[in-house]
Protein chains: 2
Amino acid sequence: MVSKDKNVILVVKPYDRTVTTSSNKILLDVLRELEIPIRSDCGGIGECGKCKVILSRGFTIPFTSSEKRFFSEEDLYKGYRLACQVRLIEGSYEVFIPSESILQRYRSADIGFEKVVELLPAVKKIFVILPKSSLNDVRADYERIADVSKDFINLYDVDIDIDVIQRLPEVIRANDWSVTIVVWHNKKIIDVESGNTSNKLYGLAIDIGTSKIVVHLIDLVSGNTIAIESIPNPQASYGADIISRLSHAMQSNDNLKKLQEILLRAINLTIERISLRANISKDNIYEAVIVGNTVMHHLFLGIQPKYLGYSPYVPAISRSIYLRAKDVGMSINRNGIIYMLPVIAGYVGSDALADAIAVDLENCEKPCMLIDIGTNTEILLNTGKEIYACSTPAGPAFEGASISFGMRAVAGAIDQVFIYFDSVTQDYAVHYHTIGDVKPMGICGSAMIDTIAHLYRLNIIDNRGRFLKGIKSSRIISNNGNYSFILAWSDETEIGKNISITVKDINEILLAKAAIVSGIKVLINEAKLSFADLQNIYIAGSFGTYMNIENAITIGLLPIIDPKKVLFVGNTAISGAKACLKNINIRKKAEVLARKIKYIELSAHPLFNKIFIDSIPLPTYSNMINKS
Amino acid sequence: MVSKDKNVILVVKPYDRTVTTSSNKILLDVLRELEIPIRSDCGGIGECGKCKVILSRGFTIPFTSSEKRFFSEEDLYKGYRLACQVRLIEGSYEVFIPSESILQRYRSADIGFEKVVELLPAVKKIFVILPKSSLNDVRADYERIADVSKDFINLYDVDIDIDVIQRLPEVIRANDWSVTIVVWHNKKIIDVESGNTSNKLYGLAIDIGTSKIVVHLIDLVSGNTIAIESIPNPQASYGADIISRLSHAMQSNDNLKKLQEILLRAINLTIERISLRANISKDNIYEAVIVGNTVMHHLFLGIQPKYLGYSPYVPAISRSIYLRAKDVGMSINRNGIIYMLPVIAGYVGSDALADAIAVDLENCEKPCMLIDIGTNTEILLNTGKEIYACSTPAGPAFEGASISFGMRAVAGAIDQVFIYFDSVTQDYAVHYHTIGDVKPMGICGSAMIDTIAHLYRLNIIDNRGRFLKGIKSSRIISNNGNYSFILAWSDETEIGKNISITVKDINEILLAKAAIVSGIKVLINEAKLSFADLQNIYIAGSFGTYMNIENAITIGLLPIIDPKKVLFVGNTAISGAKACLKNINIRKKAEVLARKIKYIELSAHPLFNKIFIDSIPLPTYSNMINKS
């Protein structure tokens, strides 16, 4: 029965996927089912023209008016179609997805762009079979190990932890004098295990975000990521943003201790879960590489972050730190090691450094920029000669705080909005996408960008975000002159209320945008470059998972740039941490890079205030020409 | 009134002491009051002839019959006198104490021979004044310290403990940006302190003995020992000797934990006391050097010592170990370091190594031997080319166990015995000395040696320790043929009973002696030397504080050797530990020495059993000739 229905054969290029399916389906839906990352800004109503594909042998399927609007005769002749407009009929097709139609995004905020990294971890295992002791050979247990393994490592130069020695006599006798030595960085014995355990060698990469902790478990024998877990940062109950956490910690060392404690508990819980899921023992996790912003870095270490809150915002320490897991209470192997990547400055943490490592920012041939948009936005610019970094206190507007229906990019959040004028109803229509495909509860940052861009393009608001007078629409509401635009009607929402965006919301976003843009401009200015010199802009962080580049350019969040140059790289903080876990030379590279980066303190920069004020309005066409 | 009585002026050479005292006093008593370490084996009754002095301008004081017995006319003409026979009359004298009359002993078991050691401790302090942070200088607190101190030490290669970083922001701001950095071994920052604390730099040397823990507090700026404390080893309640401790620990890891715990508590209590006494802060104690026998070493570290109890008696680890004080719970500076000297074998611990370091055994020009007599006796022999070590399970006889009235060398113990035939009473008379000058409660090892030597010399016992028949003396008691000899009458003692030595006691001592002697002989044999080749025999440990060399030779405990070659060096375990604390090069020397020493396992030695049996009897004259 089922196979009878499957009368459509589709080959998807360049993915080389072949699928048989039933006729009468929309091509976009088939591609979505195949998890082909195809763009569809308007959600599949033929209004955005982003789901362009080239369909061979598809001429029998009629063109829609939408397609005729977006393609020339010549394009149509070449086979260009909008995937959302093609209703498949029986037959065999080949569809090619051009690069501009591919969403270069990471579905999950827990992963990011990863390069192949040669395995050279800090921890190695050496399996040896020991000669047994006798009255003619009364060497101590440990000396026996040292002697037999001297071809692999000089254990005379090595530190040993006390509990390794404590267990040694039993361990070496438990498996007929065969043991596996776990050596860290050729200078410390982390463990000695009975028998041959050399295939059990794991490490963790941990990204401590202000809102979320992401943990990857890596098999350091194969290099594979064998499990991923994440957990909300429980410090959130002491404030959504880093400044409120900072304020709380500053009040007393007890508060600091509490913040450290709950963070650690969440990390340990995640480690528990991830090792259960991967079915491995926590004792075989020997190292963890940790990244995070500087406040998270300090709170994790139990350092009073007070002075991060006062000018000149200096960290207690910026270089990389090796710690014993037990000193901070992290539940991996008793003598496991924690590697904290260096932080760059008070508000440019090791997460930003990890971003740079993940995309190899240092080795761009031409100028490249990396922007990690979050509560705090970190911007790094490699001019080809020097690397600059700054941080902008963008405020939590993009994360939903201070926005009427603002929320984080979690299930229930409208994350994509497409507004158009419906000629049938003669009113503005809205297509939106909600995360988790549930009824909407609010809107997240990417949807705010979409909304403002569309309202601006449709001339509903002016470049200062003010609603133009005299526009007739059921969606535009004025409450004593305070305008708002309804995105979702109450009957569509989970909350039973209209979800709308207000003038005040738009202003908040414009201020947040101005903060980020000022950071970008100050760095470009400092480097004596123009935006046209940029070869790539990497957008890191979960924000990029949903952000629409064209809309970001429209509202001026990104400079006018060929959208192909903008790469969404996802959670590169975790990718960079993983690279450092897998290869100690990459750590060294990161340490050198951290010291090389020139930090620009925006609040002390003479041009910052002027640039900030100038960056608040939406770009006008003439402005856009000037800036490009 | 007082000064009127002081009509005697006495100059004591070579001590260059001058004293005025009253006439009618015995010269020996005056010397004792001056704490001149003069010998007096018989206790001052003119019977031993050991308190020889040369008295100038003393001819007016009549010679006694005792003096005439011990000195030739010529000697008397030169001024030779017995200090116990000279009753001073008004006048001015000069008395010279010849070296053979000087007791080369350490009064306290807590100190030992010390050489001058150049100061080169592992911990150093660096005082720096930091540039303050500003918007133009946003370096992290720690980087600021690293940069300013880079002329002294490369902090880029240095480890930092987490709690140092935690306190750093407050510490550097507490004293106007001036700090003192405490660096250990140029590779670890132990602490950063506010202001200039560079004159507060202390270390501990700790000797963990089976019965007693001795702690010295050393000022590492001056090199001076500023306080000494000792405390009984509380593990004694689990057995007086190491074998019973071992057995207890072997029964369960809980027992082991308990033994470790009470030891640590005693050490921490002693550290508390010593720092109070010296009026210093424990936080300024940055390092502790610890020595002890291998069982104590393992128990301190919480290592299950089980395998020390089974042949082939191998330790868990023999090399030196650096530990963080907090890992073992020792209450010195939070990040203080513990240095455990290497042990040589299962029954030759780091205390024996420290002995060798203290007397510089390694650099003897001619063959030298070191004997540390205790429950377990360690013997080291430097042949000039090689260094041998062995350990003899002497048993606790010398410490009083299994002896009728045996006790340790503590207050109330008879520690010196002198037996002679009193021609007036026509009976044997006994002079004894009791530790603490209280009524006797028992006898300790040195007095047992004295007793057996005298009984043998006086032909009361034969060379097998059997009482000869037909000797008439009120002190010789036969109980069904089981003889004993009364040393102290009941009315003289604290316990209200006669204190005596029995045939069985004598046999126990002879067995213990045989064990030690066999060790000595096996080493001499292994090295293909004879006793005459020995330039020096160092007697280490508290036993030497009271032992009479001639008597030890008489019973055969020591070979026939010029008594001047026998040097009592006291608690050299603590001295060696101190030397290692003061100078890191001496540690390295100790580490090299530990690996160089050839350990001889007596129980596996083919000659041991025969030598042991042969060593039980007291040496006969012909034997003594043969052996010398």
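I take axes as lines fitted to C-alpha atoms, for helices over the stretch in contact, with angles running from 0 to 180 degrees between N-to-C directions. Helices (H or I, at least four residues) and strands (E, at least two) are DSSP runs numbered from the N terminus. The model is predicted, so local features need pLDDT of at least 70 and side-chain atom pairs count only at pLDDT 80 or more, while totals for chains, interfaces and linings use all residues. Residues are numbered from 1 along each chain as its sequence is written, chains are lettered from A and ligands numbered from 1 in the order in which they are written, and side-chain values use heavy atoms, without hydrogens and water.

Entry one, a helix pair. I looked up helix H11 (residues 350–358) of chain B and helix H15 (residues 572–582) of chain B, and found that their axes come within 7 Å and cross at roughly 75°. With contact meaning heavy atoms within 4.5 Å, the residues of H11(B) that meet H15(B) include Asp351(B) and Ile357(B).

Entry two, a sheet. In chain A I found an open sheet of four strands in the order E6-E8-E9-E7, with mixed pairing, where two strands pair if DSSP finds at least two bridges between them. E7(A) and strand E9 (residues 188–194) of chain A run parallel and are joined by two bridges, and Ile160(A) has Ile189(A) in E9(A) as its bridge partner.
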